[in-house]
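Here is a friendly walk through one protein chain, with the picture to hand. Have the viewer open and follow along, heading by heading.

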Amino acid sequence: MNIEHLEYLLEVYNCGSINKAAKYHYISQSHLSKIIKNLENELGYTLIMRSKSGLTFTHAGKVFIKSAEKIVQESNNIRKIPEELQKSEGLNIVCSSDPFLLNTFFDFRRTVPETKFSETLEEAGLRIILQRLISHDRSLGIMAMFEQKSEKYRKLAEKYEFTFETLQTHIPMIVVMNQRHPLTRKERIFLKDLSNYPFVVDSNVDHDDAKTIFGIKPEQNVLHVSSLACTEMALRKSNCIAVKNQTLMQHVLDYGLVVKSLEDFEEYSGIYLLRPRNKQITDREQQFIVYLKHQLQKRFSQQTSKS
């Protein structure tokens with residue numbers, strides 16, 4: 001018994017004809033019939049009943065086919081191991097829409113070039129990040145979120161057997177607006193000042209979380225957007241405001257937007273790393289994580305020294 005013969009038999013089962021299966025595999029019908037007969041002799045039971053009206057698989061034959069399908073599938077998986085290993089060696093990341101994280105990824109690729117393997121970077125909301133890791137579509141997840149929400153995702157990470165590592169906490173929040181906005185004329189901005197203007201909120205954030213954290217009133221105009229580019233467009237084109245973590249400061253300033261601190265807002269943001277606990281980390285993933293931690297340390301040590 002060999003894998004190739006099992007593949008022949010599966011084709012017979014799928015198309016219902018020895019002749020068609022033989023043509024599909026570019027062998028003669030007589031040769032395929034002999035293979036099936038030898039296989040039956042080896043097994044000690046009949047797989048196929050032949051008659052003038054065609055062929056039918058016996059009950060034992062149908063059970064055999066189910067096992068043969070698994071064997072052939074696993075054989076294919078074994079053949080693909082080099083290809084899968086090649087995929088796993090490259091970075092395969094899903095992260096929050098944070099310019100600091102995105103810039104760090106591309107800076108790392110420039111600093112530590114990778115020419116042999118393909119790599120992936122996907123921007124997504126917190127729930128999508130978790131889904132991508134659960135489905136094994138991505139191997140590293142980086143979340144930027146309010147610190148008060150981290151425990152919720154820590155428990156979910158534990159449930160699905162992911163490590164949940166805190167990379168940075170106590171990141172201040174800032175108010176972002178365009179240069180024409182009335183709030184730019186205020187020296188100090190408080191949370192109550194935000195209630196008079198339309199709010200831009202990340203649609204990947206739970207709506208109830210946004211209302212609770214930002215103190216958004218039921219009658220307040222809220223625009224839900226799914227990307228940083230949409231947020232920037234809304235801020236530039238209208239009198240909307242947004243509250244973002246301070247890692248975005250240089251990015252929004254580069255786009256000609258205005259940044260103000262929020263005096264009485266006591267919530268802070270954090271950055272967290274998730275990865276499967278039962279999957280061995282690759283050398284390149286380890287290099288990237290070390291690089292990311294170094295960049296975070298440099299970024300926030302500079303912030304501390306300036307303050």
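Predicted model: local features only at pLDDT ≥ 70, side-chain atom pairs only at ≥ 80, totals over all residues.

Residues are numbered from 1 along each chain as its sequence is written, and side-chain values use heavy atoms, with hydrogens and water left out. Helices (H or I, at least four residues) and strands (E, at least two) are DSSP runs, numbered from the N terminus.

Which residues of H10 (residues 228-237) are buried? They are Leu228, Thr231, Glu232, Ala234 and Leu235. Here buried means under 20% relative accessible area, exposed over 50%, and partly exposed in between (1.4 Å probe, protein chains only). Seen down the axis of H10, the buried residues fall within an arc of 165 degrees, so they line one face of the helix; the arc is that of the directions from the helix axis to the C-beta atoms. Ala229 and Lys237, on the other side of H10, are exposed.

## The sheet with S7

S10, S7 and S11 form, in that order, an open sheet of three strands with antiparallel pairing. Strands S10 (242-245) and S11 (258-261) are the edges, each pairing on one side only. On average, neighbouring strands of this sheet are turned by 40 degrees against each other, direction ignored. Strands pair if DSSP finds at least two bridges between them.

S7 (residues 173-177) and S10 run antiparallel and are joined by four bridges. One place to look is Ile174, whose bridge partner in S10 is Lys244.

## A hairpin

Strand S1 (residues 48-51) and strand S2 (residues 54-57) also run antiparallel, joined by four bridges. The hairpin from S1 to S2 passes through two residues, and Arg50 stands opposite Leu55 in S2.

## Helix H1 and its partners

His5, Tyr8, Leu9 and Val12 in H1 meet Leu32, Ile35, Ile36 and Leu39 in H3, where contact means heavy atoms within 4.5 Å. The residues of this contact are seven nonpolar, one polar and no charged (Ala, Val, Leu, Ile, Met, Phe, Trp, Tyr, Cys and Pro count as nonpolar, Asp, Glu, Lys and Arg as charged, and the others, Gly among them, as polar).

Leu10 also sits in H1 (residues 3-15) and is buried, at 11% relative accessibility. Leaving aside neighbours within four places in sequence, Leu10 is in contact with Ile65, Ala68, Glu69 and Val72.

## Two histidines with positive phi

Most residues other than glycine have a negative phi. His136 has a positive phi near 65 degrees; this residue is in the loop between helix H7 (126-134) and strand S5 (140-146) and is exposed at 63% relative accessibility. For His170, phi is positive at about 60 degrees. His170 lies in strand S6 (residues 162-171) and is partly exposed, with a relative accessible area of 47%.

Note on methods. Axes fitted to C-alpha atoms, helices over the stretch in contact; angles between N-to-C directions.
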